[in-house]
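Reader: I am new to this structure. Please take one part and walk me through it closely.

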Amino acid sequence: MSDVLAFSADSSALDAPLRHPAEVGAMAMSGSSGALTVPDGAVLRDGVAVFGLNNASEPEFYKQKRGENYQFGIGLLPYVELSGRLANYPGTPSNNGVRDLSANVKIGIPKIFNFQPDIAFGVNDLGGGNPYFSSKYVAVSDTWGPLRLNIGKASGQTYLRGMFGSAEYALWNSGASVLAERVSGGYVAGMRYVSRPLSQFANTHIVVGVQRTLGMHAPDGVRVNNSGVNLALTVPFGPNARAVRKVSLPDEPIWTPPVPSRTGSSPQQSNSMAPLWTPPSGVDVGGAQVDLVGAKTSDIPAEVLQRIQVQVEKAGLERVRVGQRGNELVIEYENHRYNQNEADALGIVLGVGAVAAPADVATVSAVTKKTGLPLYQVSIDRRSYARFLRDGSDYEARSTLSVRYRPGDGSDVRWLNNAEGARGYSRVRIDPQLIKFVGTELGVFDYSLSMNIQAYVPLWRGAEAGVSYVRTLAESDDVKHGFLGYAQQPNKLKAAILSQAFWVTDRVLNVTTGGKFNYDATGFQNETTWFVPYRDDQVRLQASRMHRIDFYGLRQDIRAASASYLWAYQPLGITAELGYNRYQSKDKGPSLQLSRWYGDIQAQAYLRTSEADKKVGFSLAFPLTPRQGMRPGWTHLEGSSSFPFKLETRLASKGKCNCITNSVVEELPMVYSARGNLLNHARTGKDYFVSQLQRMREAALVYASVVP
């Protein structure tokens, strides 16, 4: 019998042979997913994103120089697609150019009966001041073997109006297809190639298309025909983005734990994760039936607690304490090594505890701390969790997991050592800091890119000191020498702060930060979070009050505040946050943010409004740090756990300029954010950690070498 873990890649739906290349998803020139230039009845699959670039253009803009279209689309929800298009057609001496950033929405109709075709409704170029590409449409598509047909009707100002249609024929199983389209009185013909998923690059597909317009006419009657090339990457952000490692014990269909001696363990035994004592008679720690009725909980031997602490610390966790409270094993820890998601650290702690604890321990609890302050406790039934580690079925474990905020100081726990274990003394975080302007009246892309070097030193419980230094790496000409000079980032100390976190009540956490902010302002920021009972929802209050001395020696007050409610729906990883804000420019108004988590990647659409302006935007936030970072010590380096790349535009009415408005409808971000530094980016609560059980199991097996 062997205890060797056997890992294998999970079979992914994206790795299965495609019935048709159109199933992968690609962006049409009109802005939404579809064929070469027209949308079809399918939406991008849930969690699939497309990044595209093409040099095609509508006949209406034949007087402009040939430019380019930058495109992005994502299946944000099942049957909901959001996409954006940045069209840049440079002007000529006799004709102004066209530059437009448009937002699009496409809604699919769920399939309710067999053989139902794909049906979708869409709106392109929402709310633009210059609606060059505004259109509304309905499309119906279906596939018969290698042939996919699409028909639709649109109303709009561009060539996408009236009846349109397309046909795509797949060339065997090569990934290539030929296409023909009818749109606005003309024709489009071309080819498209979709690669197999590239497993080395998160199952990404490469899409290449070529097209030629035939019989097209501009609105003034001029015959216009041109060719175009489209390049795109189709990237899955959902469960298929990476292989899920499975564990199996093929030689041991029924697992029996080793039974070493209770005392006198050898050095070789001390490196094992097997229990250190003999289970009481009649108790099966791994079988399907467990009966502890009448069983008396004994004290966990000190050598067992010691082994658990050593194993947890070996995985790189800090401030570890291990103890017993009745029939409950309690493990306190602090995590700065697994910065993408706190679920990894929880998986390590619960996995080590569930496997190494004696059999009459009923519950394993992991207490998560930050700067020594206990934040929440995750508890789970030890026996069901041990079986889950062994066979991968989380059905039983799901119902036993619970979360409690403000777990207390542990005065009722019999600790192995009252003092906390070793901890790191400082952290250095290096983040890119990007200020950008996309698709403005000044240019396609203006930016200021800098490196934000942050250092944090933990002080007393709940307190941390931090400094931030900014060093500019590159700037566009408009930022360096032009109108956008106010966006330059000085090469100097940006912040020097002291932050204190503390519990107000059992469900209200407060973080107060004071010091120097935004280069030359001093003051404080306060963030209060209330954890809603029986849900993963949160209520957040934020306030900033600071001042600076301006160029003329006058005192300038800067105030901002917000109140918001975050609603979470964990089965789909969705959060919606509705708030009311007092922006830093003193204008006021509501905001709405809709977010979707794909593992550790966050896609977010948001709307901010005030009496003065409205802005709509979309962001993708990626972790820029390894899943397992450096081991803590005197210091260690880390990257951003969630770096957002945002694109936003004014929500202007028709005919009004969508121009840059400095400091209007602008939030004043928390320099030391409770969500970012303490609360796993608002990903806490019972439902969330239940949804992460498989990830927690993987972390225990891979990073802590747990042998179930």
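Reader: Could you look closely at strand 15 and strand 16: over how many bridges do they pair, and in which sense?

Author: Strand 15 covers residues 318–325, and strand 16 covers residues 328–334. They pair in the antiparallel sense over 6 bridges. Pairing requires that DSSP finds at least two bridges between two strands. Strands themselves are DSSP runs of E, at least two residues long, while helices are runs of H or I, at least four long; both are numbered from the N terminus. Within this pair, Gly-323 stands opposite Val-330 in strand 16.

A word on the basis. This is a predicted model, where local features need pLDDT of at least 70, side-chain atom pairs count only at pLDDT 80 or more, and totals for chains, interfaces and linings use all residues. Residues are numbered from 1 along each chain as its sequence is written, and side-chain values use heavy atoms, leaving out hydrogens and water.

Now widen the view. The two strands belong to an open sheet of 6 strands, ordered 19-18-17-16-15-20, with mixed pairing. Its edges are strand 19 (402–405) and strand 20 (414–415), each pairing on one side only.

Helix 2 (residues 302–314) lies across strand 15 and strand 16. It runs at about 150° to strand 15. That angle is taken between N-to-C directions, from 0 to 180 degrees, using lines fitted to C-alpha atoms, for helices over the stretch in contact (heavy atoms within 4.5 Å).

In total, the protein chain has 9 helices and 34 strands.
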